[in-house]
Amino acid sequence: MSTTGATADPLAALGALPGVAESVESVRKAVDRVYGHRVMRRRSNAVTSEAALRGARGSAALSGADWALEEVRRRSDFGADDEARVVGAALRLTAEAGQLLSIWRQSPLRVLARLHLVAAATDGDEVGRPRQEGERVDEPLVELPLPDAGEVAGRLEGLSQLIIAGSEAPALVTSAVVHGELLALRPFTTGNGLVARAAERIVLVGSGLDPKAVCPAEVGHAELGRASYLAALDGYVSGTPEGMAAWIAHCGRAVELGVRESTAVCEALQRGAA
């Protein structure tokens, strides 16, 4: 992660980048609108459940398993082939994320290890820990230069310290940095995209921006498309103020599209159609 200069709160410094405040305000207004929907007063659990399903579908799509929502809904076997395993991992991560909220601020590295363990669903030696020197990474959709294991360890520790120390930065900024940093580092041998998006979800929910988990950013990331996602990630990796701001804005648009999805769910529930 790069910031615009030395500061005691580098995440807050990113929040001051041109255009970021506008993204933060736009996201806040969108989230407030869906939370103000009348359905949320009585059936928020149903909206949360549907948002989790749709978020998992979106995250899986970005990792190469672009299944129709109804296919995800009806399937029970997620071990049949590579795409099924990706979808199964996304569903497990979405369910697990809610159980890790209380641990995140005290031990983010422990949470990331747990997320990878859940995603991998195997007992290999490489599961649940950052990759070691010489270990290959299976993340074909992200083709950025791969940092070596030493850099990964150092930057993960730095990210952990930022989270534990706390920040005045808006939740959108913090979640975007966590997401971008994990994609840039690809700290695990597999499943890094899925883990990065689950970590983004944890920040958005745990920060209080989306406490009921009804604003699935994963839906928005998928809707914006893989090419747009990777182009925005290039901006993050560049470390330039413009690139960082563009990545944060991209993540903000993803949250707003997730809000739109859940607003549609609220409308369907209100009509008795879902």
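This is a predicted model: local features need pLDDT of at least 70, side-chain atom pairs count only at pLDDT 80 or more; totals for chains, interfaces and linings use all residues.
Residues are numbered from 1 along each chain as its sequence is written, and side-chain values use heavy atoms, with hydrogens and water left out.

**View 1. Helix α13, residues 241-271.** Helices are DSSP runs of H or I, at least four residues, numbered from the N terminus. The expected span is 1.5 Å times one less than the number of residues. For the 31 residues of α13 that gives 45 Å, and the end C-alpha atoms are 45 Å apart, so the two agree.

View 2. A disulfide is a pair of cysteine sulfur atoms within 2.5 Å. Cys251 is in no disulfide; its nearest cysteine sulfur, that of Cys215, is 14 Å away. For Cys266, the closest cysteine sulfur is also in Cys215, at 9.5 Å, too far for a bond. Buried means under 20% relative accessible area (1.4 Å probe, protein chains only). Cys251 is buried at 0%. Cys266 is buried, at 0% as well.

**View 3. Ala217 in helix α11, residues 217-224.** Ala217 is buried, at 3% relative accessibility. Contact means heavy atoms within 4.5 Å. Leaving out residues up to four places away in sequence, Ala217 touches Glu200, Leu204, Ala254 and Val255. Its C-alpha atom is 7.5 Å from that of Glu256, 39 residues apart along the chain.

Note on methods. Helices (H or I, at least four residues) and strands (E, at least two) are DSSP runs, numbered from the N terminus. Buried means under 20% relative accessible area, exposed over 50%, partly exposed in between (1.4 Å probe, protein chains only).
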